[in-house]
Amino acid sequence: EHPGLVWASISGFGQTGPDRDKPAYDMIVQALSGVMSLTGEEGRPAVRLGIPAGDTVAGLYATIAINAALADRERTGKGRIVDVAMLDCQLAMLSYQSAYSLIAGVTPAPQGAKHDSIPTYRSFRGGDGREFVVTANTERMWQGLCRVLGLESLIDDERFQTGASRLKNKHALWEQLESAFATQAAAHWIPLLEEHSVPVALIQSVPEALAHA
């Protein structure tokens, strides 16, 4: 009766398939998608993301799909049925972790506050116990990080000269970086790293984040 109608459904597992009638909540799809297996520290139990990503990401994907359907209707006059499954959306959010699994055949481990392949993309702790994150993921940023910490000797150290060698020797590298950062409060390092174009941020509490300018 209404060929231009755009009809959308958001469900746990879609309108077809063996799980179509099963109930779904945010944590259910976080668990089934592999997201929880990546969250938390290695060797410890899986952890749910602290935000309802299973719910909100499905809503975002549905909005994108509805807008695309409406744009298509402007050209064709025809509507669409949009079928969004929460689990599909979480699988899509796996990003490079799914590529590691599908292409390299590995099972990605929990990430904690680190990165699988960039050893200078992680959290650190200042001497006051305050945590902050550093994302030194280019050679320029790596060298700036070394200069801020007074560890210029690491730049020419053959163990750390390339991204691949830094990854291979990450535990030796972390020992030096952690020791250097522990000599001063976290707030001491923030402006120094920023001056050297090294991305950095304090790990803020929710009230701190909401009060930030």
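Good morning. Let me open with S95, which at 47% relative accessibility counts as partly exposed, since that class holds whatever falls between buried, under 20% relative accessible area, and exposed, over 50%, using a 1.4 Å probe and protein chains only. S95 sits in the loop between α4 (86–92) and α5 (96–104). Its phi is near 55°, a positive value in a residue other than glycine.

A word on the basis of these values. The model is predicted, so local features need pLDDT of at least 70 and side-chain atom pairs count only at pLDDT 80 or more, while totals for chains, interfaces and linings use all residues. Residues are numbered from 1 along each chain as its sequence is written, and side-chain values use heavy atoms, with hydrogens and water left out. Helices (H or I, at least four residues) and strands (E, at least two) are DSSP runs, numbered from the N terminus.

At 40% relative accessibility, S197 counts as partly exposed.

I turn now to the sheet. Three strands form an open sheet in the order β3-β4-β5, with antiparallel pairing; two strands pair if DSSP finds at least two bridges between them. β3 and β5 (200–202) stand at the edges with a single partner strand each, so one side of each is left without a neighbour in the sheet. From one strand to the next, the twist averages 25°. Helix α8 (residues 170–181) packs on this sheet and touches β3 and β4, its direction making about 40° with that of β3. Such angles run from 0 to 180 degrees between N-to-C directions, and axes are lines fitted to C-alpha atoms, for helices over the stretch in contact.

Within β3 (residues 121–125) we find S123, which is buried, with a relative accessible area of 10%. Which residues does S123 contact, leaving aside its neighbours within four places in sequence? They are A113, F132, V133 and I203, where contact means heavy atoms within 4.5 Å.

Five bridges join β3 to strand β4 (residues 131–135), and F124 has F132 as its bridge partner in β4. Both F124 and F132 are buried. Their ring centres are 6.5 Å apart and their planes lie at 35°, so the pair is tilted. Rings of Phe, Tyr and Trp (its six-membered ring) pair if their centres lie within 6.5 Å; planes under 30 degrees apart count as stacked, over 60 as edge-to-face and the rest as tilted. F124 and F132 also belong to one aromatic cluster with F181 and W189.

Helix α6 (residues 139–148) has M141, W142, G144, L145, C146 and V148 as its buried residues. These pack against β4, α7 (163–168), α8 and α9 (186–195). After α6 comes G150, whose phi is positive, near 70°.

Finally, a pair of helices. Helix α1 (residues 26–33) and helix α3 (residues 53–76) pack at an angle of about 90°, their axes 7 Å apart. They are therefore roughly perpendicular to each other, a class covering 65 to 115 degrees, whereas angles under 35 count as roughly parallel, over 145 as roughly antiparallel and the rest as oblique. On the α1 side, D26, V29 and Q30 meet A53, G54 and D55 of α3. Thank you.
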